[in-house]
Amino acid sequence: MSAINRRTFLKWGACSSLLFLLSGYGYAYFFLQNGADHEFDYEAMFFVKKEEGKVQCRLCHHKCVIHDGQISRCKVRKASSGVLYTSVYARPAAVVVEPVEKEPQYHFLPGSNALCIGTSGCNFTCKNCHNWQLSQQGLADLERYHHYSPQEIVDLAHERQVPTISFTYNEPTVFYEYMLDISRLAKAEGLKTMLHTNGFIHSDPLEHLLPYLDTVTIDLKAFTEDFYHRISGGSLSPVLDTLLKVSQAGLWLEIVNLLIPGLNDDYASIQKMCNWIRTELGEHIPLHFSRFSPAYQLRNLSPTPLATMENAYSFAKKEGLLFVTLGNTPGHKYNSTFCPACGGTLIERHHITVKNINIEKGNCRFCHNPIPGIWSTTAI
Ligand code: SF4
């Protein structure tokens with residue numbers, strides 16, 4: 001490893017602080033390697049050759065046409081002589097053990113930990129991104145990242161005795177090849193796999209990946225195309241398609257909706273979103289309303305008022321959704337999950353810490369109502 005100059009030291013410290021915060025538990029393994037090697041050296045999947053050395057990437061709905069020698073909008077893919085390469089295969093920027101509740105996943109092995117992996121790069125440009133130091137940078141900008149092969153990630157999960165590997169932090173679509181290889185190995189070795197995504201992945205790579213996943217969290221950022229265009233640099237319609245495909249494939253699915261004051265918190269669109277979730281996906285899909293806190297390019301906004309969060313909760317329940325929770329509101333009653341049949345507290349949480357579980361063999365301990373989810377490592 002090369003000598004560390006002052007700039008590098010400060011950057012290292014900033015990155016480490018970020019990941020310490022991300023980890024919640026400070027249980028982290030990251031930035032081990034010097035960033036000298038950041039070549040685009042691993043051939044990508046899902047691209048087609050075009051004329052004059054150009055390629056079209058078909059991993060996500062941007063369907064970028066990339067000129068010879070150019071780097072993609074997600075910053076981790078590059079065209080070279082008619083071939084698309086990725087820079088982040090086996091080069092995670094964050095490898096952290098965290099509670100599954102952080103994703104959030106509330107009906108999946110509650111109280112367990114996952115080995116969470118992210119790289120640099122993203123196909124969205126969310127103005128409120130909390131992980132922008134990873135998501136809005138290419139590998140070369142980071143200076144520090146790991147070198148972990150897919151097998152080494154799986155071995156690390158075994159070593160740390162976590163039942164699950166989670167793809168998260170930045171958008172996992174941009175490290176698709178790495179995620180796919182880890183998932184294949186993980187499934188073969190009895191581990192579970194979790195994807196936290198913005199849902200903008202194209203249908204072909206999604207269908208190719210789904211057999212190797214157990215559970216998915218999708219950020220449904222808003223229920224208007226306008227929000228997606230102006231705030232996230234994406235669009236809503238493909239995200240809805242992904243929600244339908246994941247649900248139809250029979251994977252466990254949970255949805256997060258971050259409520260940002262004045263941007264996506266109008267009650268008409270919240271009601272419309274909840275109605276769509278119930279009618280198209282089912283009343284059993286957990287919906288997490290998450291409270292906005294100022295970050296990145298939206299530091300000028302205030303945190304979401306608690307009254308807005310509680311009203312959204314009421315609307316969702318009135319629309320017939322059975323499992324609604326509030327996130328980023330530590331200590332709030334609705335951090336917990338309640339039985340839709342008897343009202344008993346199924347899983348008591350303080351923020352993302354599980355205090356008590358009243359689910360036995362997939363049923364409510366009080367009234368024996370079946371509760372959908374994945375409650376044991378032997379469940380499919
Ligand atoms: S994954 Fe990246 S390169 Fe591929 S289409 Fe999406 S933004 Fe473009």
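## Strands that pair

Two strands count as paired if DSSP finds at least two bridges between them. With that in hand, we can look at a residue pair in this predicted model: R349 stands opposite V354, which belongs to β19.

The two strands around that pair are β18 and β19, which run antiparallel and are joined by four bridges. They form a hairpin with two residues between them. In its turn sits H351, with a positive phi of about 60°.

## The sheet around the hairpin

What joins β17 to strand β18? Two bridges do, and the strands, of which β18 covers residues 345-350, run antiparallel.

## A second open sheet

Elsewhere in the chain, three strands form an open sheet in the order β3-β4-β5, and here too the pairing is antiparallel. Strands β3 (47-49) and β5 (65-66) stand at the edges with a single partner strand each, so one side of each is left without a neighbour in the sheet.

Strand β4 takes in residues 55-57 and pairs with β5 in the antiparallel sense over two bridges. Within this part of the sheet, Q56 stands opposite V65 in β5.

## Around the ligand

Which residues are closest to the ligand? They are C57, C60, C64, S72 and C74, out of 13 residues that surround the ligand. Sorted by class, this shell has six nonpolar, four polar and three charged residues.

## Two helix pairs

Two packed helices are described by the angle between their axes and the distance between the axes. Let us start with helix α4 (residues 150-159) and helix α5 (residues 176-188), whose axes come within 9 Å and cross at roughly 50°. The helices α4 and α5 are therefore oblique to each other, and their crossing is right-handed. On the α4 side, P150, Q151, I153 and V154 take part, meeting Y178, D181, I182, L185 and A186 in α5. The residues of this contact divide into seven nonpolar, one polar and one charged.

The other pair is helix α9 (residues 267-281) with helix α10 (residues 306-318); they pack at an angle of about 40°, with their axes 9 Å apart. That makes α9 oblique to α10, and α9 passes α10 in a right-handed crossing. Y267, I270, Q271 and C274 of α9 make the contact together with N311, A312, F315 and A316 of α10. By class, the contact of α9 with α10 has six nonpolar and two polar residues, with no charged ones.

## Backbone details in two loops

Most residues other than glycine have a negative phi, and most peptide bonds are trans. In the loop between β6 (77-80) and β7 (83-86) you will find S81. Although S81 is not a glycine, it has a positive phi of about 50°.

Where is P104 found? P104 lies in the loop between β8 (94-99) and β9 (113-118). The peptide bond leading from E103 to P104 is cis, with omega near -5°.

Technical notes
Residues are numbered from 1 along each chain as its sequence is written. This is a predicted model: local features need pLDDT of at least 70, side-chain atom pairs count only at pLDDT 80 or more; totals for chains, interfaces and linings use all residues. Axes are lines fitted to C-alpha atoms, for helices over the stretch in contact, and angles run from 0 to 180 degrees between N-to-C directions. Angles under 35 degrees count as roughly parallel, over 145 as roughly antiparallel, 65 to 115 as roughly perpendicular and the rest as oblique. A crossing is left-handed if the near helix is turned anticlockwise from the far one by less than a right angle, and right-handed if clockwise. Two residues are in contact if their C-beta atoms, placed from the backbone, lie within 7 Å. Ala, Val, Leu, Ile, Met, Phe, Trp, Tyr, Cys and Pro count as nonpolar, Asp, Glu, Lys and Arg as charged, and the others, Gly among them, as polar. A residue is near a molecule or strand if its C-beta atom, placed from the backbone, lies within 6 Å of it.
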